[in-house]
Amino acid sequence: MNLAVDLQLICFVVLGVAMIAAALGVVLLDRIVYSAFLLGGVFLSISGLYILLNADFVAAAQILVYVGAVNVLILFAIMLVNKQEDFTPLGNRWLRQGATAVVCGGLFILLATMVLATPWALDTTVVIENTVVQIGRHFFSDYLLPFELASVLLLMAMVGAIILARRDFVPEGIDPLTRQEALTLPERPRELAGTPSDPR
Amino acid sequence: MELQLQFFLLLAAALFCIGIYGLITSRNAVRVLMSVELLLNAVNLNLMGFSNFLDPDQIKGQVFAVFVITVAAAEAAVGLAIILAIYRNRNTVDMEQFNLLKW
């Protein structure tokens, strides 16, 4: 996969600018739904950058997992907690945000200095063509244990998410009169747990 | 001018800093989760850059990136479940009001 060099650079600049702009939108916009859709834009741009880095399998996995699953999950969460609430303003909000911006800018300057000052031991051997075969070989030889642990982790996350997110059902004492109705569940949804007593 | 490793590292550093800024300043709990996803994606971009430029024949960085994507998916599912549970409990998603552990 060798595009022309200039075309690679143009693609990199376009994708990078799109990614940074969408990420700023995710952080700075007020409407959270816009943020969620812009997050999908960030994921798509990063997938394009992966293709520029000769990683076709991971680019496809990025689109499938992030855009297809994580972004949709976040949209579901936004719609489930769709409460139009205006947050009570805090004091010194600009001071907090300014201090955070200064710290993040300083961190970026530090990282950029480190990146530009380090002599990277670049390896310019030929890029392998078929990354899927190589990744699969890694998965089933020297990364077999992490691979299996990842599957167990996904199972645990699935069970944990279901247990955390479902509503609690309190089984009621089974009434002998209603026992004949075999199709009704002997459960009822519990009342919502306590609302905040003192919203500060 | 060819693509360099430094370009990708700088881009990942910028994305990481934006993610940290969002993580600290945002008050909506769902937006905090989105910022965590930004952080994980920045790290992934670093891994892929190193994998392509420093280790092009044994692409171990891509293997690590796949693991990071897996863990990020699990983290998103559990995190959103926690947000739903605490939203039912406190009836808000404001991070400033999640002070259950404050004495």
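## A predicted model with chains A and B

Of the 200 residues in chain A, 26% are buried, a word used here for under 20% relative accessible area, with exposed meaning over 50% and partly exposed in between (1.4 Å probe, protein chains only). This is a predicted model, in which local features need pLDDT of at least 70 and side-chain atom pairs count only at pLDDT 80 or more, while totals for chains, interfaces and linings use all residues. Residues are numbered from 1 along each chain as its sequence is written, chains are lettered from A and ligands numbered from 1 in the order in which they are written, and side-chain values use heavy atoms, leaving out hydrogens and water.

Let us start with the layout of chain A. Six helices and two strands make up its elements, in the order α-α-α-α-α-α-β-β from the N terminus. Helices (H or I, at least four residues) and strands (E, at least two) are DSSP runs, numbered from the N terminus. The accessible surface of chain A is about 13400 Å², and carbon and sulfur atoms account for 69% of it; such areas come from the Shrake-Rupley method with a 1.4 Å probe, and for residues only the protein chains shown count as cover. Taking contact as heavy atoms within 4.5 Å, 47% of the contacts in chain A between residues at least 6 apart in sequence join residues at least 24 apart.

Next come the α3 helices. In chain B, helix α3 (residues 60-90) has 31 residues and should span 45 Å at 1.5 Å a residue, which agrees with the 44 Å between its end C-alpha atoms; the expected span is 1.5 Å times one less than the number of residues. In chain A, helix α3 (residues 56-80) holds Leu80(A). Beyond its neighbours within four places in sequence, Leu80(A) is in contact with Leu84(B) and Tyr87(B).

Most residues other than glycine have a negative phi. Asn54(A), in the loop between α2 and α3 of chain A, has a positive phi near 60°. Asn91(B), which follows α3(B), has a positive phi near 65°.

| Residue | Relative accessible area | Class |
|---|---|---|
| Ser51(B) | 2% | buried |
| Asn54(A) | 16% | buried |
| Asn91(B) | 33% | partly exposed |
| Leu80(A) | 52% | exposed |

Ser51(B) lies in helix α2 of chain B. Leaving out neighbours within four places in sequence, Ser51(B) touches Pro56(B), Ile59(B), Gly61(B) and Gln62(B) by the contact criterion.

On a 1 Å grid over the protein atoms alone, a cavity is a set of points where a 1.4 Å probe fits but cannot get out, and a pocket is an open set with protein on both sides within 12 Å along at least five of seven lines; lining residues have an atom within 4 Å of a point. Grid points are joined across faces, edges and corners, and a volume is the space filled by probe spheres set on the points.

The search of the whole structure finds one cavity of 30 Å³ or more. The largest cavity has a volume of about 40 Å³, and its lining includes Asn54(A), Val127(A), Ser51(B) and Pro56(B).

The largest pocket holds about 1100 Å³ of space. It is lined by 35 residues, and Asp30(A), Phe87(A), Arg27(B), Asn28(B) and Arg31(B) are the closest to its centre.
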